[in-house]
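Thanks for coming, everyone. Please look at the model on the screen while I talk.

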Amino acid sequence: MNRLDALFSRLKDKNEAALVAFLTLGDPDLATTAALVRAVIENGADIVEIGVPFSDPTADGPVLQKASEIGLRQGASLNRALEMVAELRRDSETPIVLYGYYNPIFHYGTERFARDAKQAGIDGLLVVDLPPDEAGELLQWTKPEGVHFVCLLAPTSNEARVRKVVRHAAGFIYYVSVVGVTGVRPMQADSVRPAIEKLRRATKVPIGVGFGITTPEQAKEVAAFADAAVVGTAIMRIVDQHRSEPTVALAEVGKFVRGLKDAMRTAR
């Protein structure tokens, strides 16, 4: 069973939502990213989302754009991401999702990438600029390997779009809580909850909420009605603040993630 499926099944039995922690590969450097992955896992992250930097991002706000620029200068790539995950798999079974853009996967080769992702221990892919109904040349290889294609939905998704997306969704659906890029506008739980409740009637796939969750209280609010809370910009903002002090960054990120997860455990 895919690790994402197993995790959501366990958390459902515990009546608990998952915390998804996002980290940009290579910021401030590749070795520190690996240490940050371990730090967020040790402090309660249920899923780790690793952002593979790309030169032309479309969904990332200023904090993540800066992190991607630094990651690219540090040599972050799909190859490095797969190597890092393979190393982490020596002692961790925490689900890992790769977040990125299609161009690097296309140049890597879709069949080869699906095979290597499975071998490395990748559980899911979130390809920001590849709609699921246009992803056939990738899905024909990732599906047989058991690597889930995580789909995006947003407040602007109409009913026809929702029906189309849920047919392809696997692992979890990532619901974008605000219109715009990451980390710019705060999430308003009261406005998101009705959309999640409506979406839940259309699919049995777990639903995560992201874009705009910056505090433990907001994570707790989301955990009351969604299956997962995705936190990225707020974590990478801490990295940005302590980029020259990796040890401090590790401690502060760990403390922040622990606070998020502790709050989420009290949500239901």
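H2 and H4 are oblique to each other, because their axes cross at roughly 45°. Bear in mind that this is a predicted model.

Let's stay with that pair. Helix H2 covers residues 30-42, and helix H4 covers residues 78-88. Their axes come within 11 Å. The crossing of H2 past H4 is right-handed. Which residues meet there? From H2, we have Leu30, Thr33, Ala34, Val37 and Arg38. From H4, we have Arg80, Met84, Glu87 and Leu88. By type, the residues of this H2 and H4 contact split into 5 nonpolar, 1 polar and 3 charged.

Now the second pair. Helix H10 spans residues 216-223, and helix H12 spans residues 246-264. They pack at an angle of about 35°. Their axes are 8 Å apart. Here too, H10 passes H12 in a right-handed crossing. H10 brings Pro216, Ala219, Lys220 and Ala223. H12 brings Phe256, Gly259, Leu260, Ala263 and Met264. The contact of H10 with H12 counts 7 nonpolar residues, 1 polar and 1 charged.

How many residues does the largest nonpolar core have? It has 96. Leu98, Phe113, Ile122 and Leu138 have the most contacts inside that core. Take Leu138. Leaving aside residues up to four places away in sequence, Leu138 touches Tyr102, Ile105, Thr110, Phe113, Leu125, Val127, Leu130 and Phe149.

Phe113 takes us to helix H6, residues 110-120. Which residues of H6 are buried? They are Thr110, Phe113, Ala114, Asp116, Ala117 and Ala120. Note that Asp116 is on that list. After H6 comes Gly121, with a positive phi near 110°.

Last stop: Lys14. This residue sits in helix H1, residues 3-14. Is Lys14 buried or exposed? Its relative accessibility is 55%, so Lys14 counts as exposed, the cut-off being over 50%. Now find Arg265. Lys14 and Arg265 lie 251 residues apart in sequence. In space, their C-alpha atoms are 9.8 Å apart.

Key. Residues numbered from 1 in each chain as written. Predicted model: local features only at pLDDT ≥ 70, side-chain atom pairs only at ≥ 80, totals over all residues. Heavy atoms only, no water. Axes fitted to C-alpha atoms, helices over the stretch in contact; angles between N-to-C directions. Helix = DSSP H or I, 4+ residues; strand = E, 2+ residues; numbered from the N terminus. Parallel < 35°, antiparallel > 145°, perpendicular 65-115°, else oblique. Left-handed = near helix turned anticlockwise from the far one by under 90°. Contact = heavy atoms within 4.5 Å. Nonpolar A, V, L, I, M, F, W, Y, C, P; charged D, E, K, R; others polar. Core = buried A, V, L, I, M, F, W, Y, C linked by side-chain atoms within 4.5 Å. Buried < 20%, exposed > 50% of the residue type's maximum accessible area, 1.4 Å probe, protein only.
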